[in-house]
Amino acid sequence: MRANAVGHAIPSCLVRHTRLTAPEKKTPHMRYDSASGRPSTCILILCLLLTNLRALFADPWADNVLNYVPGSGIQNDFVTGEPFSDASAALGEPTRFTSDPENFGGAVTPFQSAFRATEVVTIGEGGRLLVSFDDPVLDDPNNPFGIDLLIFGNSFLSFVDGSPVTEGGIVEVSQDGIRFVTVTGVEADGVYPTLGYSDLAEAFPTLAGSVTSDFLKPVDPAFDVNGKSMSEILVGYNGSGGGAGVDLSSTGLTQISFVRFTNPTGSGKDPEIDALADVKSVPEPSSLLLTGLALGIWYSRRSVGACPGSRSSK
């Protein structure tokens, strides 16, 4: 028998089996593999997902108007009387549905372009427009047909013979906003005219379609839109929403953040700009496979509440 601190006897059998132990410390979630010291599988999966999915959530449209000089010859909206001088109309997504049926509006097609003052901005003779992207537009070899930038105006096809009616305009691009390179062979307000929906066979529809076109996908430059019917245009566009395509490799620049449009005095033209878009690249098969595997591993590990390579998974 032994006595405790206050003199009470304690049986020897209890003394032999009684041990004082410190509370077990919980190991926090480890971010690095305990054996190699390298980032855990969870971290690697997260980095892979962020790398491959960034383009999916990036804003592809022009974001800022930095300078606008209207120039001469600006006309007014026939409904509201407002001039076509709201430069912010060039920002954001292109117009899919123009005006309203009561004012000769409807779904946008190559025969029925956007034509309201809230939808397009005019660059009159002697005028210019400078816009920028928050996320740079890259010269990406994975882009369809090598096209990196799309410009949407209000060019259209003549309802008489289907020939393109364009309004010219000089396009210049820049990486730093100081040195600009002129894009040759592309009009600011040129082909291909905008197509808002890919399931409308009418040239002048008053209702919206049910299948939206892809404004981030260029038309194959080999497609000749001249004189084509709506059914032929739908096939030729192949899901694209149109737009004048710019291949940055022709400028010698690897990326750009600034686009400037000018309309020389005496041109006899008045180009309109609706929107600009950073073309969506086509992922390589290996990239798609890795992303799919990463998503599968992440989901399976998330289901069991543990990540490989971390002590908390034991």
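How many bridges join strand E8 (residues 149-152) and E16, and in which sense do the two pair? They pair in the antiparallel sense, over 4 bridges. Strands here are DSSP runs of at least two residues (E), helices are runs of at least four (H or I), and both are numbered from the N terminus. Two strands count as paired if DSSP finds at least two bridges between them.

Before going on, a word on what you're looking at: this is a predicted model, where local features need pLDDT of at least 70, side-chain atom pairs count only at pLDDT 80 or more, and totals for chains, interfaces and linings use all residues. Residues are numbered from 1 along each chain as its sequence is written, and side-chain values use heavy atoms, with hydrogens and water left out.

pLDDT is the predictor's confidence in each residue, from 0 to 100. The protein chain averages 84, and 72% of the residues score at least 70.

| Stretch | pLDDT | Contacts in the model |
|---|---|---|
| residues 10-23 | under 50 | 7 contacts beyond four places in sequence |
| residues 306-314 | below 50 | 17 contacts beyond near neighbours in sequence |

In E16, Ala-277 is the bridge partner of Leu-150. Strand E16 (residues 275-278) is covered on both faces: Ala-275 and Ala-277 are buried on one side, Leu-276 and Asp-278 on the other. Buried means under 20% relative accessible area, exposed means over 50%, and partly exposed lies in between (1.4 Å probe, protein chains only).

Gly-153 sits in the loop between E8 and E9. Is Gly-153 buried or exposed? Its relative accessibility is 9%, so Gly-153 counts as buried. Leaving aside neighbours within four places in sequence, Gly-153 is in contact with Asp-189, Thr-194, Glu-272, Ile-273 and Asp-274. Thr-194 is 41 residues away from Gly-153 along the chain, yet their C-alpha atoms are separated by 7.5 Å.

**An open sheet**

Elsewhere, 5 strands form an open sheet in the order E3-E7-E14-E11-E12, with antiparallel pairing. E3 and strand E12 (180-182) are the edge strands, each pairing on one side only. From one strand to the next, the twist averages 25°; axes are lines fitted to C-alpha atoms, for helices over the stretch in contact, and angles run from 0 to 180 degrees between N-to-C directions. At the E12 end, strand E11 (residues 170-174) and E12 pair over 3 bridges in the antiparallel sense, and Ser-174 stands opposite Phe-180.

Over on E3 (residues 64-69) you'll find Tyr-68. Tyr-68 has a relative accessible area of 19%, so it is buried. Not counting residues up to four places away in sequence, its contacts include Ile-74, Phe-84, Val-121 and Thr-122. The Tyr-68 side chain also reaches the backbone oxygen of Thr-122 at 2.6 Å.

**Helix H3**

What about helix H3 (residues 230-237)? Met-230, Ile-233, Leu-234, Gly-236 and Tyr-237 are buried there. These residues cover an arc of only 170° around the axis, which means they lie on the same side of H3; the arc is that of the directions from the helix axis to the C-beta atoms. An α-helix has 3.6 residues a turn, so residues three or four places apart point the same way. The buried residues of H3 pack against strand E9 (156-157). After H3 comes Asn-238, with a positive phi near 55°.

Conventions: Contact means heavy atoms within 4.5 Å. A polar contact is a pair of N or O atoms within 3.5 Å; within protein, one must be able to donate a hydrogen and the other to accept it, and residues adjacent in sequence count only if both atoms are side-chain atoms.
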